[in-house]
Amino acid sequence: MSEQETTVGKRVLRKEDFRLITGEGSYTDDINLPNQTYAYFVRSPMARAGIKGIDLRKALQSEGVVDILTGQQLAEDGLGALPCGWMVLSADGSEMKQPAHPVLANDKVNYVGEPLAIVLAESKRQAKDAAELVEVDYEELPVLTNAREAAVSDIQLYDEIPGNRSFNWELGEKEATDKVFESADHIVSMDIYNNRLIPNAMEPRAAIGDYSRGNQDYTLYTTSQNPHVARLVLTAFVQIAPEHKLRVIAPDVGGGFGSKIYVYSEETACLWAASKIARPVKWTADRSESFLTDAHGRDHHTHGELALSADGTFEGLRIKTIANVGAYLSLFASAVPTYLYGTLLAGQYKTPNVYVEVDSIFTNTAPVDAYRGAGRPEATYILERLVEKAARSLSMDPSEIRRKNFIQPEDFPYQTPVALEYDIGNYEASLDRAMEMAAVSDFDARRADSQARGKLRGLGYSCYIEACGIAPSKMVGELGAGVGLWESGEVRVNATGSVTVLTGAHSHGQGHETTFAQIVADRFGIDIDDVEVVHGDTGRMDMGMGTYGSRSLAVGGSALDRASDKIIAKGLKIAAHLLGVSEEEIEFKAPEFKVKNSNAAKTFQEIAFAAYVPHDYPDDLEPGLAEKAFYDPQNFTYPAGCYICEVEIDPATGVTSIEKFTAVDDFGKIINPMIVEGQVHGGLVQGIGQAMLENCVYDENGQLLSGSYMDYCMPRADDFPNFDVDLTETACTHNPLGVKGCGEAGAIGSPPAVINAITDALGILDMDMPATPYKIWQIISAQEGQ
Amino acid sequence: MSIAIALTVNGKPVSAEVSPDTLLVDFIRDNLNLTGTHVGCDTSQCGACTVHLDGNAIKSCTMLAVQADGSKVVTIEGIGDRDNLHPMQAAFRQCHGLQCGFCTPGMIMSAIDLVNHSDDLTNASIRKGLEGNICRCTGYQNIVKAVETAAKEMEA
């Protein structure tokens, strides 16, 4: 039998593309159920107000209205609040504080856009028209939007939460770190604002709730990165239905970036409303609603200090952050500025003492939660800005100060002072490769050339590390997580030898239908076209935890590898029987089960057929060839890399052009380099977008000023050059695939590289993101005025 | 009140009675069930709804269905299918010019228009030409590559 060519490591074109390039994809809004109604939400126009009354009379009489449901009915039905999944303890041991997060606001609204009633009508337009007729009597209350101000304000947003503080969290040795600072040769410090972002997946959120009264079965079609988590939240926490009675389907999903992890009010209300009226309820967000209500990202005010010895050795890092969590704690909200942030502050360096303190503060803004990178971009940003500032302050080359402090290959496994144990890495390798690709040695000549043309040129580095493949359940359980973070995978070999792969991970652009098929096809030596990957439906794949934190391949892919092991183990038994030898005498060499040192063999397909047509079959073996595995990782994975950005600024206009951007990443073993490059490109644009373009702005009344694509500057094609990307490789030591994860690196590593380059060009040490032309022009004008 | 319209969509004659405030994109999606054309914003910025109207790319969220009366509309479903891909569709796949796929139909329709109406496309002019379409996944690089690839094919 001819050997099937292996696919892992190759640029295999995507299986999912055909339907998406021909308009045959099926996103939630493309689905219509018979007899469906359309939902539109009545939302608060105020950032903080008491609800004195809701008058539905006019609206209920509006044409086409089926019903209007409010928070009061929801409370009467005994539905639970939307949960935060991670209990964080304050430094004093007390539990974090949080206001109840109602599905529909009942007596008080706490941010603009918060939903308080769901209007159901025969058409979307009728629902919208009727929503305008709902009269709400608001009593306006004082508003806080800025976390730094909210932390010290006399205004208390929630009676039970003094100082508007959810928690005061710390990590690291405070005393030891303080001591280092007392005797350090040099201290560099800075205050930075990590600008608030709005995720903006291109597909707006959408949901269709469906209910069958006869069976009491519930179905929710929704734009989710993790349909199984949605099922868990809606059943175990909100308690709309028992877990075995709810099916959640997340069909084609148009991007997530974290914003589609959470179970939001709207999706929950659609499912509940469907059961109330016994008709399907469909809702699709307008982009304006997405801006107002999708969980936002970042929004950290941070004071950071780095202590160094005279020769530039890092001795201590001290970080104080005020994190804005918005009006309520969203699902991962408490984990993002703590376990996904403070733990990464060691970076790629051997800094012996690190201490971080985080105040998590409520404001009258949309909930803030994970957005591509989630905590790790914030850690990388403050650290790499401080390192760059230290290099400039000590007149050291920015690459040399990093190199001097790198954790070295022989130091792994390396225990950082902030809880994590890095398994492997080679940071100098990625720095060297990036410097070579970026032609750093010729930079001075390019700078001189820019100068001759009246332009300013700058170069900026960023050496990032992240923790991916979340996460070992035991570890996160100790840290307060409410769930385990394993992944589940099933490999079903069909009687004809084709394979159906089911995964609890969810693809919304990442290409799992291809990469997961590559992994399984190679294990069995079959054609990738004979492998179909199923995901996104709790009715087809029973268990899963979903896709976020660059975990799908490292955790979900490893589960599939383990399930494939079980298939092969069973195949050995069947083959031994069919070939009349003992199991020990059989080996599997894809695609054959063969007798060792003999030509006698059975193909993978023959074994599959025998398993389902067990006429000649071992007496003590169950028929069938389908195996499931749960994989719980032993550690996080630690992708790391080096990014170098080169910019040219026109001092007359303040316009920055990215002349060259080099990204060298170590993601461990690579399954499909084409897909990996695509993930890096996308992450870079989001990270550079944060650094130069994107900014979420609320005014002092809590009105969102950046609430449309005309006000929130989305990265567009002509904002960027082609990026130069490459890989180095140290294989992850603790998962069977040796993989680390690549989904977030671009967004994590790029912002400090950009700002370091721009400040280098301008000859300054500090500036906040986004570095807009206006801001840069102001800096240049001030310099000229001096 | 509704108004009678007659137009050609993907080569087939279509006639319907539509409310005067029906957007062309809603007519395409809801009346004709051609759901490959997407709605990604409400301010004419994202381009996910791009279709061809009488040979030019337009944003179908920014036009009323009644304004398309008598026109020839082509949507993503009208340019090729799996067995017979348009060179632009094929190039998007070949170059990994899509990830989640939501912006892709609009991006492909814009890109075809760009190639049809430009000479000597360069990396920079393709980027400029696609400025009206937002993609949040790909970072645009492989989209640009796909357009470069398809342009050669389409000109040949």
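Where do the axes of helix H10 and helix H11 of chain A stand relative to each other, and at what angle do they cross? The points below start with that pair.

1. Basis of the note. This is a predicted model, in which local features need pLDDT of at least 70, side-chain atom pairs count only at pLDDT 80 or more, and totals for chains, interfaces and linings use all residues. Residues are numbered from 1 along each chain as its sequence is written, while chains are lettered from A and ligands numbered from 1 in the order in which they are written.

2. H10 and H11 of chain A. The axes of helix H10 (residues 376–393) and helix H11 (residues 398–405) of chain A come within 8 Å and cross at roughly 115 degrees. Helices (H or I, at least four residues) and strands (E, at least two) are DSSP runs, numbered from the N terminus. Axes are lines fitted to C-alpha atoms, for helices over the stretch in contact, and angles run from 0 to 180 degrees between N-to-C directions. H10(A) is therefore roughly perpendicular to H11(A); angles under 35 degrees count as roughly parallel, over 145 as roughly antiparallel, 65 to 115 as roughly perpendicular and the rest as oblique. The crossing of H10(A) past H11(A) is right-handed, a crossing being left-handed if the near helix is turned anticlockwise from the far one by less than a right angle, and right-handed if clockwise. H10(A) contributes Val387(A), Glu388(A), Ala390(A) and Ala391(A), and H11(A) contributes Pro398(A), Ile401(A) and Arg402(A). Two residues are in contact if their C-beta atoms, placed from the backbone, lie within 7 Å. The contact of H10(A) with H11(A) has five nonpolar, no polar and two charged residues. Here Ala, Val, Leu, Ile, Met, Phe, Trp, Tyr, Cys and Pro count as nonpolar, Asp, Glu, Lys and Arg as charged, and the others, Gly among them, as polar.

3. H18 and H19 of chain A. Helix H18 (residues 673–692) of chain A packs on H19(A) at an angle of about 40 degrees, with the axes 7 Å apart. H18(A) is therefore oblique to H19(A), and H18(A) passes H19(A) in a right-handed crossing. On the H18(A) side the contact includes Gly682(A), Gly683(A) and Gly687(A), and on the H19(A) side it includes Gly746(A) and Gly749(A). This contact divides into 11 nonpolar, eight polar and no charged residues.

4. Nonpolar core. The largest nonpolar core has 299 residues, and those with the most contacts inside it are Ala39(A), Val119(A) and Val520(A). Helix H19 (residues 745–762) of chain A gives the largest share of this core, 10 residues. Such a core is a set of buried Ala, Val, Leu, Ile, Met, Phe, Trp, Tyr and Cys residues joined through C-beta atoms within 7 Å. A residue is buried if 20 or more other C-beta atoms lie within 10 Å of its own, exposed if 12 or fewer, and partly exposed in between. Ser430 of chain A. Ser430(A) is found in helix H12 (residues 427–437) of chain A and counts as buried, with 26 C-beta neighbours inside 10 Å. Leaving aside its neighbours within four places in sequence, Ser430(A) is in contact with Ala640(A), Gly641(A), Cys642(A), Val664(A), Asp666(A) and Thr728(A). Ser430(A) and Ala663(A) are 233 residues apart in sequence and 8.9 Å apart in space, C-alpha to C-alpha.

5. Backbone points to check. Most residues other than glycine have a negative phi, and most peptide bonds are trans. A cis peptide bond joins Phe412(A) and Pro413(A), with omega about -5 degrees; Pro413(A) is in the loop between H11 and strand E16 (414–415) of chain A. Another cis peptide bond joins Met769(A) and Pro770(A), with omega about -10 degrees, and Pro770(A) lies in the loop between H19 and helix H20 (773–785) of chain A. Ala419(A) has a positive phi of about 80 degrees and is partly exposed, with 17 other C-beta atoms within 10 Å. Tyr140(B), in the loop between H4 and H5 of chain B, has a positive phi near 70 degrees and counts as buried.

6. Chain B against chain A. In all, 45 residues of chain B are in contact with 42 residues of chain A. Helices H2 (87–94), H3 (104–116), H4 (123–129) and H5 (141–155) of chain B each give two or more residues to this side of chain B. That side divides into 18 nonpolar, 18 polar and nine charged residues. The buried residues of H2(B), among them Met88(B) and Phe92(B), pack against helix H1 (17–21) of chain A together with H3 and H5 of chain B. H2(B) is followed by His96(B), with a positive phi near 55 degrees.
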